[in-house]
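Try each task before you read its solution.

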Amino acid sequence: MPAWGPAEPVAAHPLSEPGARAPVRTGCPVPEPGDGHVLFLPGGSTAEKGHALSNTDDKRPTVLTISAHSGDFVWRAGGALALYAERGYDVRIVCLSYGERGESQGLWRQEGMTLEKAKAGRRAEAEAAAEALGASITFFDLGDYPLRIDEAALERIVGEMRDAQPEVLLTHVANDPYNRDHNAAHEATLLARQVAQAAGHDRTTSPIGAPQVMQFEPHQSEQCGFRPNLLLDITSVFDRKQKAMECMSAQSHLLRYYTDLGLRRGVQAVRNGGDKSIVQAEAYQRVFPTVGDELR
C-alpha cells in the first residue's frame, strides 16, 4: 500500500491524523456586530479579534477554512466545523466574498434589492451560521462572479494563516468548471500557505508549519475530479449543521440537497468500514500525503 494511504475513501472522525481530542466546548454563543472579525466564545460571550482571544493567549489547536462565498463553508464543511468546535478547537472561517451577485438568488427576488443590501443580508446569514457552528468568521468583501484575489488580498490570507497557525486548512477543489470563484479560492489557499511557511516573509510574525489542506465536496463532484479519501462522521453534530443551513435563506433551495448528500455519504462511510451508527457524513480529499507509522 502506498505511504499516502488507501485509494478508496476511509471512514473516520479526524480531519488530519488521529490524536488526542481537546475538551468539548460548552455554552451558547450570542453574536454582536464587529469590524469583520467576530468571535463566538464559550460561555455565551463575544469579543472582537485581538481582544479577548489572540494567538498568544489562546493555545487551542486551530482549523481554518477559506471559503469563496459566505455560504460555501456551511453546505460543504459545516459538519466538520461543528465537530471540531465541540472538541474545543479554535475554528475560524475566512469568507473571501459575500456571494452577493451570483449566490444570493433568494435576495434578488426581493423588490428593491441592491448590492449593498445583498451583502448585508449575506453577512447576517453567515454570522448566524457561524454562531450555530461555534466558529469565528472574517469577511474580506472581495466581490464575486468573478472573485478577484490581488496581492493585497493574498497578503491578508497569509496574515490570517500566520495568526491562526492552523493544524488543518479547509477549502475548495482545484477545478470546478461551474464556478471559477472556487478555483480562485483553492489557488489562493495553496499560494498563501506557501508564503506563510517562508521564514523570510514578514519577520514580525511566525511561519506556519505544514497543515494538511482538505478539499471539501463540490456541488457536482463528478465534474470536478473530486475523489474523496476521507468520509467524516458528522452524525453527532448534524443538528448544528442543519441549524446553520437553515440560516442561509438566500440559498434555501440547497438545504435538502446537502441533507440528502450527507445521508448518502453516511451510507458510504459505513460501507467503507465505519461504525454502523453513522448516519450523516461529509466527504473530503486531501491535497498532501499523510505521514504515519502504520499502514492505514
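**Exercise 1. The core**

Which residues have the most contacts inside the largest nonpolar core, and how many residues does that core have?

*Solution.* Keep in mind that this is a predicted model. Step one: the largest nonpolar core has 40 residues. Step two: those with the most contacts inside it are Phe 73, Leu 81, Ile 93, Ile 137, Leu 170 and Tyr 284. Step three: look at where they come from. Helix H1 (residues 72-86) supplies the largest share of this core, with 10 residues. Step four: zoom in on Leu 81. Leaving out residues up to four places away in sequence, Leu 81 touches Val 63, Thr 65, Phe 73, Val 91, Ile 93, Leu 133 and Leu 170. Finally, there's a second, separate core of 20 residues, with Leu 96, Phe 140, Leu 147 and Val 195 among them.

**Exercise 2. Two partners for H3**

Work out how helix H3 (residues 115-133) sits against H6 (residues 238-247), then turn to its packing with H1.

*Solution.* Start with H6. The axes of H3 and H6 come within 8 Å and cross at roughly 175°. Angles over 145 degrees count as roughly antiparallel, so H3 is roughly antiparallel to H6. On the H3 side you'll find Glu 125, Ala 128, Ala 129, Ala 132 and Leu 133, which meet Arg 240, Lys 241, Lys 243, Ala 244 and Cys 247 in H6. Sorted by class, this contact has 6 nonpolar, no polar and 4 charged residues.

Now H1. H1 and H3 pack at about 35°, and their axes are 9 Å apart. H1 brings Phe 73, Val 74, Gly 78, Leu 81, Ala 82 and Ala 85, while H3 brings Ala 126, Ala 129, Ala 130 and Leu 133. The class count here is 9 nonpolar, 1 polar and no charged residues.

**Exercise 3. A loop residue**

Where is Gln 165 found, and what does its side chain reach?

*Solution.* Gln 165 is in the loop between helix H4 (151-164) and strand S7 (168-171). With 26% relative accessibility, Gln 165 counts as partly exposed. Its side chain reaches the backbone oxygen of Pro 207 at 3.4 Å.

Methods: Residues numbered from 1 in each chain as written. Predicted model: local features only at pLDDT ≥ 70, side-chain atom pairs only at ≥ 80, totals over all residues. Heavy atoms only, no water. Core = buried A, V, L, I, M, F, W, Y, C linked by side-chain atoms within 4.5 Å. Buried < 20%, exposed > 50% of the residue type's maximum accessible area, 1.4 Å probe, protein only. Helix = DSSP H or I, 4+ residues; strand = E, 2+ residues; numbered from the N terminus. Contact = heavy atoms within 4.5 Å. Axes fitted to C-alpha atoms, helices over the stretch in contact; angles between N-to-C directions. Parallel < 35°, antiparallel > 145°, perpendicular 65-115°, else oblique. Nonpolar A, V, L, I, M, F, W, Y, C, P; charged D, E, K, R; others polar. Polar contact = N/O pair within 3.5 Å; in protein donor to acceptor, adjacent residues only side chain to side chain.
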